[in-house]
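Student: I would like to learn how to read a structure feature by feature. Please give the general idea each time, then the case at hand.

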Amino acid sequence: MSRIFRRSLSSFKRAPQSLPIAEDSAQFAAHLNNILPSLHFPPELAQRILTHGSHKAAIHGHNGRLSFVGRRVLESYYMLFLHSVARNQNQHDYEYLSSRALNTYLLGEHVAPRWSLGRVLRWTPTVSQDVLLAHKNVKKSSAKQLADVELENALTRNPGIVRSVGLYKVMGEAVQSVMGGVYHQFGGSVAHRLFHTRILPHILLPDKAEGVPVEFHHQALTICERMGGVDGNLVQELASNRALSELELEAVETVQPKRVATASA
């Protein structure tokens, strides 16, 4: 057997290498642990959650797969919520309602800022810094010194370029990635409470055409409170399933009495 062939065989026998962890991975974990204090994220998972595929460090792992999982988890929990509340109403288009409330841009605009994801997420805008600086009227000599805070200010003062930069989309994918990471690391019950206490209440948007329809707001807030509220513990043993079943019965009872009264008449 030739020396080259033996060397090629030995490469298949090596144990798989774990992804390299950046020096600031502890900061990623600290941030997620801070916004979700009842959870403890492993540094490697936190680093992957908060690294977008557009960043140069994405070659060591990014949040694309977790975002995909999180998107499906969000859709599943939202569909179950809609069905539990509107099970006797056939006029709702669940697919349309899901796209209206769980749009990636909407998550990036209304949920990501509450988690301060813009401070830690690693990503690269689709436009150059020169364009951003032109909108902010900053001298080109200071382009290399542009800090995250300045970038955030530039985007805030010039909302017209936010979508072209891709900020809302990237931040929305980060929200989905957090959900995917929670589902992967802590399980479905924790992810379920995360959805009902940290996401659904923030996409009700009563004064906007987007978000959850107003007829579902009361039940959404009721479930949130029964699961501990927006600051509740995500891992404590709460009777979330029982709370949901009680709400389902309440939703049915609000419709049935009228039908019974009509029948008896």
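Student: How many helices and strands does the protein chain have?

Tutor: Helices (H or I, at least four residues) and strands (E, at least two) are DSSP runs, numbered from the N terminus. The protein chain here has 14 helices and 0 strands. This is a predicted model, in which local features need pLDDT of at least 70 and side-chain atom pairs count only at pLDDT 80 or more, while totals for chains, interfaces and linings use all residues. Residues are numbered from 1 along each chain as its sequence is written, and side-chain values use heavy atoms, with hydrogens and water left out.

Student: What share of the residues in the protein chain is buried?

Tutor: Buried means under 20% relative accessible area, exposed over 50%, and partly exposed in between (1.4 Å probe, protein chains only). Of the 265 residues in the protein chain, 43% are buried.

Student: Which residues of helix α5 are buried?

Tutor: In α5 (residues 94-101) they are Leu-97, Ser-98 and Ala-101. Seen down the axis of α5, these residues fall within an arc of 100°, so they line one face of the helix. The arc is that of the directions from the helix axis to the C-beta atoms. The cover over the buried residues of α5 includes α4 (64-85) and α6.

Student: Which residue caps the N-terminal end of α5?

Tutor: Asp-93 does, with a side-chain oxygen 3.2 Å from the backbone nitrogen of Glu-95.

Student: Is Leu-205 buried or exposed?

Tutor: Leu-205 counts as buried because its relative accessibility is 13%.

Student: Which residues make the nonpolar surface patch?

Tutor: Like charges are joined within 9 Å, nonpolar side chains (Val, Leu, Ile, Met, Phe, Trp, Tyr) within 5 Å. Phe-68, Val-69 and Tyr-183 make a nonpolar patch of about 250 Å². Tyr-183 lies in helix α10 (residues 167-186) and is partly exposed, at 38% relative accessible area.

Student: How far apart are the C-alpha atoms of Arg-65 and Gly-181?

Tutor: They are separated by 9.6 Å, although the two residues are 116 residues apart along the chain. Arg-65 is in helix α4 and is exposed, with a relative accessible area of 66%.

How values were computed
Patch = residues over 30% accessible without salt bridge, like charges linked within 9 Å, V, L, I, M, F, W, Y side chains within 5 Å. Areas by Shrake-Rupley, 256 points an atom, 1.4 Å probe, with all protein chains shown as cover. Salt bridge = Lys/Arg side-chain N within 4 Å of Asp/Glu carboxyl O. Contact = heavy atoms within 4.5 Å. Polar contact = N/O pair within 3.5 Å; in protein donor to acceptor, adjacent residues only side chain to side chain.
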